[in-house]
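Subject: Structure handover

Hello,

Here is the structure you asked about. Please open it next to this message and follow along.

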Amino acid sequence: MNVQIAVTVLFVVLGIVFITGNGGFLIAGYNVKSEEEKKKYDQKSLTRFMGIVNFVMAGILFLSYIGSCFRWTGLPVLVVILPAGIIVFVLYVLNTKKWFKK
């Protein structure tokens, strides 16, 4: 259970870093682009999006922790399905949409 809390806190801290518009160097794929390529993207909106994703994942992890404390039986299935769906959505948005292009 301590690991769940530690990972939740990590997601919250990363969410704060991203939501402030910083931490672009932590985003895989974006951090290896050349400066020319990076200028084509709106780093602030990209990092804010990733911050929101981190907060949502932290909420799911916290929900998982609360569920394990109260021994809710249906919650583990939800806690596996929700992050998988979010990851698929994020990958779809980042690879197909032009939301973050200037």
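Below is what I found, from the overall layout down to single residues.

**Overall layout**

Please keep in mind that this is a predicted model. The protein has four helices and zero strands. Along the sequence the pattern reads α-α-α-α. Of the 102 residues, 28% are buried. Among contacts with a separation of 6 or more, 66% join residues 24 or more positions apart.

**Helix α3**

α3 covers residues 43–70, which is 28 residues. From first C-alpha to last, α3 reaches 41 Å. That is close to the 40 Å expected at 1.5 Å a residue.

Which residues of α3 are buried? They are L46, T47, F49, M50, G51, V53, N54, M57, A58, I60, S64 and G67. These buried residues pack against two helices, α1 (2–19) and α4 (75–96). An α-helix has 3.6 residues a turn, so residues three or four places apart point the same way. Keep that in mind when you look down the helix.

After α3 comes R71. The phi of R71 is positive, near 55°.

**α3 against α4**

How do these two helices pack? Their angle is about 170°, and their axes are 9 Å apart. That angle is over 145 degrees, so α3 is roughly antiparallel to α4. By class, the contact has 18 nonpolar residues, two polar ones and no charged ones.

Here are the residues on each side:

- From α3: L46, F49, M50, V53, V56, M57, I60, L63, S64 and G67.
- From α4: L75, V79, L82, P83, I86, I87, F89, V90, V93 and L94.

Start with L46, which is found in α3. L46 has a relative accessible area of 6%. The cut-off for buried is under 20%, so L46 counts as buried. Leaving out residues up to four places away in sequence, L46 touches I27, Y30, L94 and F100. F100 is 54 residues from L46 along the chain. Even so, the C-alpha atoms of L46 and F100 are separated by 5.8 Å.

Next is T47, also placed in α3. Is T47 buried or exposed? T47 is buried, with a relative accessible area of 0%. Leaving aside neighbours within four places in sequence, T47 is in contact with F18, I19, G21, N22, G23, G24 and I27.

Then there is G51, again in α3. G51 is buried, with a relative accessible area of 0%. G51 touches G15, F18 and I19, not counting residues up to four places away in sequence. F18 and I19 are also on the contact list of T47. From G51 to G21 the C-alpha distance is 8.6 Å. Those two glycines are 30 residues apart in sequence.

**The ends of α4**

G74 lies in the loop between α3 and α4. G74 has a relative accessible area of 51%. Exposed means over 50%, so G74 counts as exposed. G74 and F49 are 25 residues apart along the chain. Their C-alpha atoms are separated by 29 Å.

W99 sits in the segment after α4. What does W99 touch? Leaving aside neighbours within four places in sequence, W99 is in contact with S45, F49, F89 and V93. Of these, F49 is 50 residues from W99 in sequence. The C-alpha atoms of W99 and F49 are 10.0 Å apart in space.

**Charged pair**

How many salt bridges does the structure hold? It holds one. K40 forms a salt bridge with E37. The closest N and O atoms of that pair are 3.1 Å apart. K40 has 44% relative accessibility and counts as partly exposed. E37 has 30% relative accessibility and counts as partly exposed too.

Best wishes

Definitions and conventions:
Residues are numbered from 1 along each chain as its sequence is written. This is a predicted model: local features need pLDDT of at least 70, side-chain atom pairs count only at pLDDT 80 or more; totals for chains, interfaces and linings use all residues. Side-chain values use heavy atoms; hydrogens and water are left out. The expected span of a helix is 1.5 Å times one less than its number of residues. Buried means under 20% relative accessible area, exposed over 50%, partly exposed in between (1.4 Å probe, protein chains only). Contact means heavy atoms within 4.5 Å. A salt bridge is a side-chain nitrogen of Lys or Arg within 4 Å of a carboxyl oxygen of Asp or Glu. Axes are lines fitted to C-alpha atoms, for helices over the stretch in contact, and angles run from 0 to 180 degrees between N-to-C directions. Angles under 35 degrees count as roughly parallel, over 145 as roughly antiparallel, 65 to 115 as roughly perpendicular and the rest as oblique. Ala, Val, Leu, Ile, Met, Phe, Trp, Tyr, Cys and Pro count as nonpolar, Asp, Glu, Lys and Arg as charged, and the others, Gly among them, as polar.
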